[in-house]
Amino acid sequence: MTDSYDIIVVGAGHAGIEAALSSARMGNSVAIITMDTNAIGRMSCNPAIGGLAKGHLVREIDALGGEMGKAADATGIQFKMLNRSKGRAVWSPRCQSDKYAYADYMDAVVNSEENITLIGDSVIGVSVLSKKVEGVYTTNRGTIAAKAVILTCGTFLNGLMHTGLKSTSGGRVGEEKSGGLTENLTELGFKTGRLKTGTPPRLKKETINFDLTEPQYGDEEPRAFSFSTKNFNPPNIPAYITHTNEKTHRIIESGLDKSPMFTGLIKGIGPRYCPSIEDKIIRFSDKPSHQLFLEIEGIGRGDIYVNGFSTSLPEDVQTEAIRTVPGLEEVELVRPGYAVEYDYFPPHQLYHTMETKLVKSLYFAGQINGTSGYEEAAAQGLVAGINAALKLLGKDKFHTDRAESYIGVLVDDLVSKGTQEPYRMFTSRAEYRILLRHDNADIRLSEKGYNFGLASKKVYDRAKYKKSLLEESVSALRATHLSVKKINERLGHIISRPADKPSSLLQLLRRPEVKLLDILPIFEITSSALAKKIQSDPESAEQIELEVKYEGYMKRQNEQVARFRKMEHKNIPPTFDYSAIRSLSSEGREKLSTMKPESLGHASRISGITPSDLSLVAIALRAYDTRV
């Protein structure tokens with residue numbers, strides 16, 4: 001053993017960064033081993049952070065003390081709140097990033113962390129003794145010892161890139177694949193699969209006629225991701241919208257015989273919700289055009305990312321097709337789009353801590369688990385890093401469930417249901433999404449982050465203040481009543497129908513047309529100090545209004561959460577013998593024995609487990625508890 005560390009993190013992408021920083025900040029010596037030490041935090045696909053549901057993940061990562069939100073705020077070039085036309089529960093923050101500045105920021109943060117050592121090398125296997133990890137095998141340094149190992153390998157495990165019928169090894173352009181590790185893990189008993197993702201061509205900015213496109217700016221009053229960001233005043237650099245047309249589609253169709261996706265050259269399964277342009281024109285053949293976003297990759301030094309034109313067609317076909325798009329008639333490709341196939345490990349082989357079931361103190365995070373997206377990767381990396389550190393400290397594991405966070409939904413979906421295609425987070429996956437808004441992530445999670453030593457005291461104190469002000473305000477609004485006459489006198493110009501009975505301010509605020517600012521002057525008469533607190537704190541005022549208007553829905557969801565938690569708290573021992581339950585269906589017995597659910601609630605979410613199976617397991621558990 002040439003070196004020894006508490007924790008080794010393999011990979012320096014979005015998962016690796018959060019895993020390493022959280023472990024190191026919790027007092028451990030951490031080695032990041034990566035094939036390219038100049039590629040820390042590289043945005044290999046779209047230059048953006050956040051988006052639908054993904055923005056929720058970033059806010060939760062920040063509340064727990066992660067770095068992604070701070071990096072996004074410091075390097076974003078356009079910020080926008082998505083889904084504003086829908087209910088507040090699904091509003092999601094997104095920023096367009098300067099991808100070069102983002103990578104520079106993360107590089108500086110990682111290199112300034114005194115507990116992190118950066119090592120340029122390739123990991124070809126993990127060292128295991130008595131089913132516990134002991135370190136990793138590397139190409140140049142031999143074996144490096146560690147008490148825990150976190151694998152965050154991205155798309156590099158036996159990565160194979162495709163452009164047309166030409167295939168080259170590598171995890172992304174200009175970078176080698178990682179070989180040997182898949183084979184090593186397979187020998188240890190892990191099951192593996194093959195997935196595919198893709199990226200669009202990059203265009204030379206100077207060759208685009210932006211006059212033929214539609215500029216798309218961010219919000220005039222942008223919102224930061226991080227709860228610690230102050231005096232937020234980012235740039236507002238536009239993206240540009242254009243569209244494909246029938247001529248574009250004919251050219252693409254003419255090249256399908258040279259597409260690795262349609263000739264069978266690509267075996268891996270691609271992302272259903274982020275299809276290539278080839279997929280789009282076949283699956284949606286009735287649509288005469290598709291929208292494209294031209295996004296600048298960096299201020300003063302970036303190419304143009306064509307969001308919506310992911311492809312693995314031959315370069316000449318890509319060029320011909322994209323030059324039919326308005327504004328791109330004379331465009332030059334800096335780099336063609338390509339698809340990349342890579343190995344992954346179905347995540348049912350993990351506990352909710354991201355630790356593997358086969359090897360103790362070995363953790364997987366990111367695309368190695370079959371997910372797509374920077375945000376999903378970072379969330380898993382944070383969970384793995386915190387749990388690896390807690391295990392070394394001899395403390396209880398960290399687990400946030402489906403009713404507490406989108407991170408909990410993500411992890412539970414992976415562990416309970418697995419995935420056979422790249423997993424992407426959506427608000428629709430979160431059944432308790434009214435409770436899991438992006439705006440209250442700090443109230444939900446900052447206490448945990450603070451207790452881990454990751455979230456700052458300022459962030460935690462601010463969350464406590466917001467919660468206290470919320471509870472105090474709702475109570476005061478409920479206790480303040482107005483007569484019919486006063487309601488009609490003071491709010492008659494606002495309310496849709498005249499009042500016919502006395503109401504509390506809380507009842508009035510439930511009306512869709514009534515805003516908190518409308519009733520604050522009335523509130524100030526009876527609760528002057530409290531009204532001033534609300535007026536001076538727009539963020540809290542917004543939350544108070546949301547909590548009141550959603551109160552009925554939230555009450556129902558809290559009742560659902562109570563039932564959910566009852567199932568979650570019924571733990572199933574890892575040694576529990578399902579073969580002893582005679583009436584259990586054969587499918588149920590097989591899946592439960594394979595998945596080894598950690599609780600009755602976890603078992604209920606495994607595909608193929610029937611209510612009858614669940615009832616039999618619950619009865620057997622009661623008998624088991626009696627014997628124990």
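Trainee: Where is the place of Ser310 in the chain?

Mentor: Ser310 sits in the loop between β17 (304–307) and α8 (315–322). Helices (H or I, at least four residues) and strands (E, at least two) are DSSP runs, numbered from the N terminus. A word on the source: this is a predicted model, where local features need pLDDT of at least 70, side-chain atom pairs count only at pLDDT 80 or more, and totals for chains, interfaces and linings use all residues. Residues are numbered from 1 along each chain as its sequence is written, and side-chain values use heavy atoms, with hydrogens and water left out.

Trainee: Why does Ser310 count as buried?

Mentor: Buried means under 20% relative accessible area, exposed over 50%, and partly exposed in between (1.4 Å probe, protein chains only). Ser310 has 12% relative accessibility, so it counts as buried.

Trainee: Which residues does Ser310 touch?

Mentor: Contact means heavy atoms within 4.5 Å. Not counting residues up to four places away in sequence, Ser310 touches Gly198, Thr199, Pro200, Ser276, Ile277 and Glu278.

Trainee: What lies 3.4 Å from a polar atom of the side chain of Ser310?

Mentor: That is the backbone nitrogen of Thr199. A polar contact is a pair of N or O atoms within 3.5 Å; within protein, one must be able to donate a hydrogen and the other to accept it, and residues adjacent in sequence count only if both atoms are side-chain atoms.

Trainee: Which residues is Gln557 in contact with, leaving aside neighbours within four places in sequence?

Mentor: They are Glu431, Tyr432, Arg433, Ile434 and Leu435. Gln557 and Leu435 are 122 residues apart in sequence, yet 7.5 Å apart in space, C-alpha to C-alpha.

Trainee: What makes helix α3 (residues 68–75) mostly covered?

Mentor: Count its residues: 6 of the 8 in α3 are buried. They are Met68, Gly69, Ala71, Ala72, Asp73 and Thr75.

Trainee: And the whole chain? How many helices and strands are there?

Mentor: The protein chain has 21 helices and 22 strands. Its radius of gyration is 26 Å, close to the 25 Å that the globule rule gives for 628 residues, so the chain is as compact as a globular protein of that length. The radius is taken over C-alpha atoms, and the rule is 2.2 Å times the number of residues to the power 0.38.

Trainee: What percentage of the 628 residues is buried?

Mentor: Buried residues make up 57% of them.
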